[in-house]
Amino acid sequence: MSRIYEIDFPKLVRLLMPPRLRKMRHVAWLLALCNPVNYLYQQFRRNRDANLYRLKITPQVVYLERLLNDRYDISQRRIKISDGMIYEPVFLYQEIEQKPVYLWQEAENKPLYLYTEEEVGSNPVSFYVFTPRNLYFDENEMGALINNYKLAGKTYKIQRA
């Protein structure tokens, strides 16, 4: 962090006073006069630190995970992001249509996976945000936070894992 914004007000007051006036009472009086300026300075420092943190966050996965873990799970950091997967759709037909889809037995070792509409449909998600089941958060707030930092056009889904 740059030291250009670091100001030690008690030290500055003592250094700017003429040496013959550096008495306890005068210094205390000047420090009391500087207290509102020091308060504004502390607010400025907090706002500057918050803005520097916000500028560090980019749409990259590691930074989005950092943002979400810093906000919602700071101690255990269990929120993860993974890419969305696009699967080939499997259609199940009725007997009238005479287009069979075979369901295999487990011994035949030919698995058939059924996916949700988001995984194969016209609106697939770009990435998933996996949160632990026992983590409590406001989903709308988390969505707004992700929307603020994700790339335009990317879609996501928050899932409890």
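Which residues of the largest nonpolar core touch the most other members? The views below open with that core. The model is predicted: local features need pLDDT of at least 70, side-chain atom pairs count only at pLDDT 80 or more, and totals for chains, interfaces and linings use all residues. Residues are numbered from 1 along each chain as its sequence is written, and side-chain values use heavy atoms, with hydrogens and water left out.

**View 1. The largest nonpolar core has 16 residues.** Leu68, Tyr72, Ile79, Val129, Met142 and Ile146 are the members that touch the most others. Two or more residues of this core come from each of α3, β2 (127–131) and α5. A nonpolar core is a set of buried Ala, Val, Leu, Ile, Met, Phe, Trp, Tyr and Cys residues joined through side-chain atoms within 4.5 Å. Buried denotes under 20% relative accessible area, exposed over 50%, and partly exposed the range in between (1.4 Å probe, protein chains only). Helices (H or I, at least four residues) and strands (E, at least two) are DSSP runs, numbered from the N terminus.

**View 2. Val129 and its contacts.** Leaving aside residues up to four places away in sequence, Val129 touches Leu68, Ile79, Lys80, Ile81, Met142, Ile146, Lys157, Ile158 and Gln159. Contact here means heavy atoms within 4.5 Å.

**View 3. Asn69 in helix α3.** Asn69 is buried, with a relative accessible area of 4%. Not counting residues up to four places away in sequence, Asn69 touches Ile74, Arg77, Arg78 and Ile79.

View 4. The structure holds four salt bridges, each a side-chain nitrogen of Lys or Arg within 4 Å of a carboxyl oxygen of Asp or Glu. Arg66 counts as partly exposed at 31% relative accessibility, and Asp70 is partly exposed with a relative accessible area of 24%.

**View 5. A salt bridge links Arg71 to Glu141.** The side chains meet at 2.2 Å, N to O. Arg71 belongs to helix α3 and Glu141 to helix α5 (residues 139–149), so the pair ties together parts that are 70 residues apart in sequence. Arg71 is exposed, with a relative accessible area of 52%, whereas Glu141 is partly exposed at 30%.

**View 6. Arg78 forms a salt bridge with Asp73.** The closest N and O atoms are 3.0 Å apart. Asp73 is buried, with a relative accessible area of 5%, while Arg78 counts as partly exposed at 30% relative accessibility. Elsewhere, salt bridges that share partners join Arg66, Asp70 and Arg77 into one network.

**View 7. Helices α1 and α2 pack against each other.** Helix α1 (residues 9–16) and helix α2 (residues 24–56) meet at an angle of about 135°, with their axes 10 Å apart. Axes are lines fitted to C-alpha atoms, for helices over the stretch in contact, and angles run from 0 to 180 degrees between N-to-C directions. The contact involves Phe9, Pro10, Val13 and Arg14 of α1, and Val27, Leu30, Leu31, Cys34, Val37, Asn38 and Tyr41 of α2.

**View 8. Asn147 lies in helix α5.** Asn147 counts as partly exposed at 44% relative accessibility. The C-alpha atoms of Asn147 and Pro59 are separated by 9.8 Å, although these residues are 88 residues apart along the chain.
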